[in-house]
Amino acid sequence: MADKPMLEGPISGLSLSALSARLEINEHGLTSAEAVRRLRRFGPNQAMPQHRQPLWRQVLGRFLNPLVLILLFASALSAATGNLASFTIVLTMVALSVTLDMVQERRAENAVDALRRSVAVTVRVLRDGRELALPMETLVPGDVVRLAAGDLVPGDCRLLEALDLFVNQALLTGEPFPAPKQVDGPDTPTDDMTAATDTLFMGTSVVSGTGTAILCRSGSATAFGQLSHSLMVEPPPTSFELGIRRFGYLILRLTVFLVLFVLAVNVMFHRPWLESLMFALALAVGLTPELLPMIVTVTLAKGATRLAARRVIVKRLPAMHNIGAMDVLCTDKTGTLTEAVIRMVRHIDADARDSEKVLRLAYLNSHFESGIRSALDEAILAFRPLDVTRWTKINEVPFDFERRRVSVLVSDGADRVLVVKGAPEDVLRQSTHYDAGDKGIQPLDPAARARMLHMFAQLGEQGLRVLAVASRAMDASHVSARLDDEAELVFAGYALFLDPPKASAAAALRALTDAGVAVKVLTGDNERVTRHVCETLGFPINGLITGDELQVMSSDALRARLNGVNVFCRMTPQQKERVLLAYKHAGRVVGFLGDGINDASAIHAADVGIAVDSGADVAKEAAGLVLLDHDLSVVVDAVMEGRRTVRNVTKYILMGSSSNFGNMFSMAGAALFLPFLPMLPTQVLLNNLLYDASEAGIPLDNVDADSLARPVHWNLTLIQRFMLVMGPVSSAFDFLTFYVLLHVFGAGEALFQTGWFVESLATQVLVIFVIRSRHLSWRSRPNPVLAAAAVGIAILGALLPLSPIGPWFGFVTPPPAFYLFLALSVPAYLVMMEGMKRLFFRYIAPSN
């Protein structure tokens, strides 16, 4: 390659025109070896590169936790005073806890990254003389890329070829209308986004036409990358993320209070200050839900992995909670409620007779159209091959979703014709005459116009999709097609298409409704076709709003009608987005399922953006979930998985806010009347480590079917109530255990600490079988991994004092009668908590 100077010199200050001038364009594209070399220099083609911290920094970050640092400092003081064993044990406990957390979270992140890469946006690139589809992040300066409607522009590029190319630059310029692009740009090349007609920028998308361009700047060096850095704003947190954060603050306040309380009591009773400090800090570690981030990440990742097996890819983990909380799903009709296997069935004139002329005009339009090639175009071209070799294309007015039509100017050498096809209402509005066959061209008077519209309505009621076809003879000197030319058209007739309802859609609609998700159909199709499809699927239409009605409707009027409407027809992309925002303003959690360029803004605006892998790149990039199959039934699976994920995270939090909090509260309270610590600092840490290990199976746990029957919203109020009710109940049982240890077994310091460690660990771990379900515990089957972990840890805790390593932690061998007491008291504790749980959900929080 001859572009060594560009590679060797700085490029950050150069304009696109200067960069493209220094790049030697090879018609065969870069070689693979050269592309690899440039990728090493310029880095991944990402506007905001996602650099994951190296493993050693993540581990160090966890050791730099203030609580852990203070704990290690206090244990170091113990070592300095001769208690080396205590320092070693504390260090080992902390290292094991950090390792457990790191391994689980790292595995979860790797799994999610692999899923995200499986639906990465690809770009058509010339490499080694071949056209390949490569992930966008692998592109480098000098790559020659080919673009078509629906593609994302992969970097800042200069055009080499363009045919009727229009690009949406709204993200960068704020201009809502597509900008035309052409190779013969301004005499003085410019990087001004609004003025540069031969320049494409990352962050924009192709609306219509085709183009070939050379990539000049990639990744963070692009205008979009610079803008992302200067305006880097974190996306607003979801209600789930806010709830987790508030719960953390709640526990932090309780932790500070209990630690200060324990220190004050021990100082007041003149107990050894170092031992008191160690105990207080160990208590803080025991109270802190340090596993919460890992449990959240792993649970969400496990849910994403299960969804991947159902051919649903989760691109952003918070989408798992959002889809579990979703109570409104807005969906397009085509491909979701219908098969999207569209076939042309007839081509008729103004008198409903088969017309070869209508077919020929429609074929010419679809054949020469270079913009958004829809399924209707494919159906026209597949209906019957026609010989159009004598026709040549002069120019085109691309399709857009406001006009809802496309015009192609063609010539056969003798005649020059503008051929228009599009939505019947819009094409008829631009027509002044119609082709009456043998009677010739007739004026389209009000009576004739009414007859055409009535025919269109009847066809729609039969479930047929309809495109209107019209034409206009143009002068031979007419060399360009403009919007103004779409006037005084001669209406030719209709092209009729059939898109049968999808067999699986009816069951999916019922399943979503039964699950508490209100389905809303938002479609660009007319109301008659939509009614026919809905009736065929058994989907009752409660109310219907058209795009024309919405256009004149105020925001307040729209919100007032939302609950009584479930079908929106003839909608533009902006109107779809407006409906979504109205539902969000009403406090609903809204999902949107779409696949086209026109769906991208609505997907981005939704709480849960769902795209289809076969859809436009711009739609997939905006989505949080990507369906590998265009089927509404897999959305039902995603909803259930999202709800299961949130329920499992809630289990861990309810555990921490009841028995765990109760045990820590009991130990703090015991400091008031015990002449010694109720548990040694190392024992508190060991208790916490074993408890954490027992909870590692929560992300895999089963969830009761009735807990998935309704949208699951994060409920911090429920958690606070549960903690305030169940925590003191657990503490009351703990104080009863203290009484038995002191007055029945006559326990001294070592035996009390040993007995309380075994009892507290068993109750704290095994109560998961009570809390994991709102039903009677024995009627809800836990996941075998969770059950084995909980029972195994409880048994391990009971055997530790009998093992050779027991003395290391200050344990003594309890008398045999203690284990009899343990066998009786733990089931009694679980029965008591079961009863309190039932009372709580029946009387204190009956609606949760």
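I checked burial for F722 and F841: both are buried (under 20% relative accessible area; exposed is over 50%, partly exposed in between; 1.4 Å probe, protein chains only). This is a predicted model, where local features need pLDDT of at least 70, side-chain atom pairs count only at pLDDT 80 or more, and totals for chains, interfaces and linings use all residues. Residues are numbered from 1 along each chain as its sequence is written, and side-chain values use heavy atoms, with hydrogens and water left out.

I then looked at the F722 and F841 rings. Their centres are 6.2 Å apart and their planes at 35°, so I logged the pair as tilted. Rings of Phe, Tyr and Trp (its six-membered ring) pair if their centres lie within 6.5 Å; planes under 30 degrees apart are stacked, over 60 edge-to-face, the rest tilted. F722 sits in helix α26 (residues 716-743) and F841 in helix α30 (residues 816-844), 119 residues apart. Helices are DSSP runs (H or I, at least four residues), numbered from the N terminus.

I counted 16 aromatic pairs in the structure. F676 and F752 have ring centres 5.6 Å apart and planes at 70°, so this pair is edge-to-face. F676 lies in the loop between α24 (632-670) and α25 (681-694), and F752 in helix α27 (residues 749-766), so the pair ties together parts 76 residues apart in sequence. F676 is buried at 12% relative accessible area; F752 is buried at 0%. I also noted that ring pairs link F676, F735, F738, F752 and W756 into a cluster.

Last, I looked up L799. It is found in helix α29 (residues 784-799) and is partly exposed, with a relative accessible area of 48%.

Note on methods:
Helix = DSSP H or I, 4+ residues; strand = E, 2+ residues; numbered from the N terminus.
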